[in-house]
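Dear colleague,

Please find below the structure that I am handing over to you.

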Amino acid sequence: CYRGWKGRLAFLEKMRLVWAAQLVQRNWRGHAGREQFLRRRIESGAVTHIQRVWRGHTARVMVDKLHEARWKGACAMQSCWRKRKARRQAFLMRIKRNASMLIQRIYRGHLGRRRCAVERDKFLFSRSQSQGIAFGRQMLLEHKLHATKLQSEVSVLTQEKIKTEEHIESLLDEISEFEEGVKTLEKEMHQLSKIQTESAGVLDEEAKVELRDQKIRLDSEFSQMLANIADRKENLTRLESNMVLLDRSRQAKEEELRVLERKLVVLLEEQQNELESIRRRQERKGEALIEGKTSVLTTATGGGGGFAGPSAKDKRQAAQLMQSTE
């Protein structure tokens, strides 16, 4: 019994020591595990914090670059639009100024021509009362000068038409070149969009930013090409309207030249009739001198011995009239 009691006591003491050792080990292991867990949690929090700070920095840099690219693209678009608007306003102001100057010039020319026509009619009427042949010769000279002026104006209008046609051809060539450039840009934009679509999940942020910058550049070049095409088309429309005006002016000048030629024919016929009348008067004058019917004609020819022919003054007048009719 005693040995059993002592054995039981020793066993209980041993079990107590084992329990105490296990308790100490368990507490130490819990403390060590908690220390390790706390250290790992601190390290994980530090790593997460560093990653968060780095990701925030890279995201801010990317957003700044994106904002800068968008700002530059918006500035370029606004600049192009403002330049186009300013050029259009300047072009409209130039058209209005030229139109007002043209109206003023035409009206002043109309008034001047009307006053000139009135004064010329007065002058010609006064001259016609005293000098019929001189008046006809002067009219013939004026008609010739006017015809020469009209011919020179027609040639100038023809040269201007040729220059305008050459300018129109050059504008058409430029428009075709711009259209080829637009097609090339459209192909590049389509290829860029295709690349961006195919590699949507493969490209990194820098490649995406580069693709975006290229797309913005292509958009700005595309808008610039379209603005150039619109400007050339406006110039082409203006030149075509100028061509129509030049054709009308040339046709009017040619019609005026034909009218003037008809007037010249009429005037030449009148001059021929006047020459014929002068010749008949000279013949009658010679017959009168031969017959001795009038003493006035005899005195005018230097007295009577016979027909002395036309005087030197009459010869000079007839020669000048013939030269003017030629």
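**Overall layout**

The protein has five helices and zero strands; both are DSSP runs numbered from the N terminus, helices being H or I with at least four residues and strands E with at least two. Please note that this is a predicted model, in which local features need pLDDT of at least 70 and side-chain atom pairs count only at pLDDT 80 or more, while totals for chains, interfaces and linings use all residues. Residues are numbered from 1 along each chain as its sequence is written, and side-chain values use heavy atoms, with hydrogens and water left out.

Of the 326 residues, 17% count as buried. Here buried means under 20% relative accessible area, exposed means over 50%, and partly exposed lies in between (1.4 Å probe, protein chains only). Among the contacts with a separation of 6 or more, 78% join residues 24 or more positions apart; a contact means heavy atoms within 4.5 Å.

**The core**

Which residues make up the largest nonpolar core? The six are Ile168, Leu171, Ile175, Leu236, Leu239 and Met243. Helices α2 (132-198) and α3 (205-291) each give two or more residues to this core. Such a core is a set of buried Ala, Val, Leu, Ile, Met, Phe, Trp, Tyr and Cys residues joined through side-chain atoms within 4.5 Å. Leaving aside residues up to four places away in sequence, Leu171 touches Arg232, Asn235, Leu236 and Leu239.

**Salt bridges**

Side chains of opposite charge can pair when their charged atoms come close. A salt bridge is counted when a side-chain nitrogen of Lys or Arg is within 4 Å of a carboxyl oxygen of Asp or Glu, and the count comes to three.

- Arg16 and Glu13 meet at 2.2 Å, N to O. They are three residues apart in helix α1, and therefore separated by about one helical turn.
- Glu68 pairs with Lys72, with the closest N and O atoms 3.4 Å apart. These two are four residues apart in helix α1, so about one helical turn separates them.
- Glu234 and Arg88 meet at 2.8 Å, N to O. This pair links distant parts of the chain, with Glu234 in helix α3 and Arg88 in helix α1, 146 residues apart.

Glu234 is partly exposed at 29% relative accessibility, and Arg88 is partly exposed at 41%.

**A further link across the sequence**

Cys80, in helix α1, is 144 residues from Gln224 in sequence, yet their C-alpha atoms are 7.2 Å apart in space. At 25% relative accessibility, Cys80 counts as partly exposed.

Yours sincerely
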